[in-house]
Amino acid sequence: MSIRSHFKPRFGPRLAPLALMVGLAVVPHTARADPTANDYPTEARVDYVLACMAVNGQGRDVMSHCACSIDTIASIIPYDRYEQAQTILSMRQGVGQNTMVFKSVKSFDDIVASVRRAQAEADVLCFR
C-alpha cells in the first residue's frame with residue numbers, strides 16, 4: 001500500500017487559519033534542523049510532491065508549491081522523524097490489537113503532530 005494513501009498532505013486555502021496560527025506558534029525556530037542538511041531521499045521528496053499534486057491539482061504552479069512545501073518541511077523536521085510519522089500513520093490504518101499501540105501511545109501522537117505543524121508552516125510559506 002502506498003505511503004501517499006496514508007500520509008496525505010493538507011495544503012492550501014482549505015486549512016483553517018486558526019490551525020495555521022497554532023502550528024506556527026508551536027514550531028519554535030530554534031528547533032529547526034540544519035537547513036543545509038539534505039537528509040530527505042529524493043524518492044521521499046518525489047512521493048510527497050506527487051501526493052500533494054494529487055490533492056491540489058496538476059500543473060507547474062502546483063508542482064512548485066508542493067516542492068516548496070517538502071523543502072520547508074525538510075528544513076524543520078529531520079527525515080527520521082518524518083519517516084516515523086509516516087510509519088505511525090500507516091500502522092494506524094490497520095485493524096487488530098497491534099494497531100492499538102499506534103493509536104494509543106502519546107509519544108506517537110507527538111511525532112505525528114510535529115510533522116503536521118511543519119506542514120502547516122509549509123502551507124503558509126508556499127501556498128500564499
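Which handedness does the link of Cys52 and Cys66 have about the S-S bond? The link is left-handed, with -70° about that bond. The model is predicted, so local features need pLDDT of at least 70 and side-chain atom pairs count only at pLDDT 80 or more, while totals for chains, interfaces and linings use all residues. Residues are numbered from 1 along each chain as its sequence is written, and side-chain values use heavy atoms, with hydrogens and water left out.

**Overall architecture**

- The protein chain has six helices and zero strands; helices (H or I, at least four residues) and strands (E, at least two) are DSSP runs, numbered from the N terminus.
- Along the sequence the pattern reads α-α-α-α-α-α.
- Of the 128 residues in the protein chain, 39% are buried; buried means under 20% relative accessible area, exposed over 50%, and partly exposed in between, with a 1.4 Å probe and protein chains only.
- Among contacts with a separation of 6 or more, 78% are between residues 24 or more positions apart, where a contact means heavy atoms within 4.5 Å.
- The accessible surface of the protein chain is about 7,400 Å², and carbon and sulfur atoms contribute 60% of this area. Accessible areas come from the Shrake-Rupley method with a 1.4 Å probe, and for residues only the protein chains shown count as cover.

**Helix H2**

- Helix H2 (residues 42–56) has 15 residues, which should span 21 Å at 1.5 Å a residue, and its end C-alpha atoms are 21 Å apart, in agreement. The expected span is 1.5 Å times one less than the number of residues in the helix.
- The buried residues of H2 are Ala44, Arg45, Asp47, Tyr48, Val49, Ala51, Cys52 and Met53.

**Disulfides**

- There are two disulfides, a disulfide being a pair of cysteine sulfur atoms within 2.5 Å.
- Cys52 and Cys66 form one of them, with their sulfur atoms 1.9 Å apart. Cys52 lies in helix H2 and Cys66 in helix H3 (residues 60–76), so this pair ties together parts that are 14 residues apart in sequence.
- Cys52 counts as buried because its relative accessibility is 0%, and Cys66 is likewise buried, with a relative accessible area of 0%.
- Cys68 is joined to Cys126 by a disulfide with an S to S distance of 2.0 Å. Because the torsion about the S-S bond of Cys68 and Cys126 is about -70°, this disulfide is left-handed.
- Cys68 belongs to helix H3 and Cys126 to helix H6 (residues 106–126), so the pair ties together parts that are 58 residues apart in sequence.
- Cys68 is partly exposed, with a relative accessible area of 28%, whereas Cys126 is buried at 5%.
- With bonded cysteines counted along the chain, the disulfides follow the pattern 1-2, 3-4.

**Aromatic pairs**

- The structure contains four aromatic pairs. Rings of Phe, Tyr and Trp (its six-membered ring) pair if their centres lie within 6.5 Å; planes under 30 degrees apart count as stacked, over 60 as edge-to-face and the rest as tilted.
- Tyr40 and Tyr82 form a tilted aromatic pair, 5.3 Å centre to centre with 45° between the planes. Tyr40 lies in the loop between helix H1 (17–26) and H2 and Tyr82 in helix H4, so the pair ties together parts that are 42 residues apart in sequence.
- Both Tyr40 and Tyr82 are buried.
- One aromatic cluster is formed by Tyr40, Tyr48, Tyr79 and Tyr82.

**Salt bridge**

- The whole structure holds one salt bridge, defined as a side-chain nitrogen of Lys or Arg within 4 Å of a carboxyl oxygen of Asp or Glu.
- In this salt bridge the side chains of Asp71 and Arg45 meet at 2.5 Å, N to O. Asp71 lies in helix H3 and Arg45 in helix H2, so the pair ties together parts that are 26 residues apart in sequence.
- Asp71 counts as partly exposed at 41% relative accessibility, whereas Arg45 is buried, with a relative accessible area of 18%.

**Residues paired across the sequence**

- Gln86 is found in helix H4 (residues 79–92) and counts as buried at 9% relative accessibility. Gln86 and Val115 are 29 residues apart in sequence and 9.3 Å apart in space, C-alpha to C-alpha.
- Leu125, in helix H6, is partly exposed, with a relative accessible area of 40%. The C-alpha atoms of Leu125 and Ser69 are separated by 7.8 Å, and these residues are 56 residues apart along the chain.
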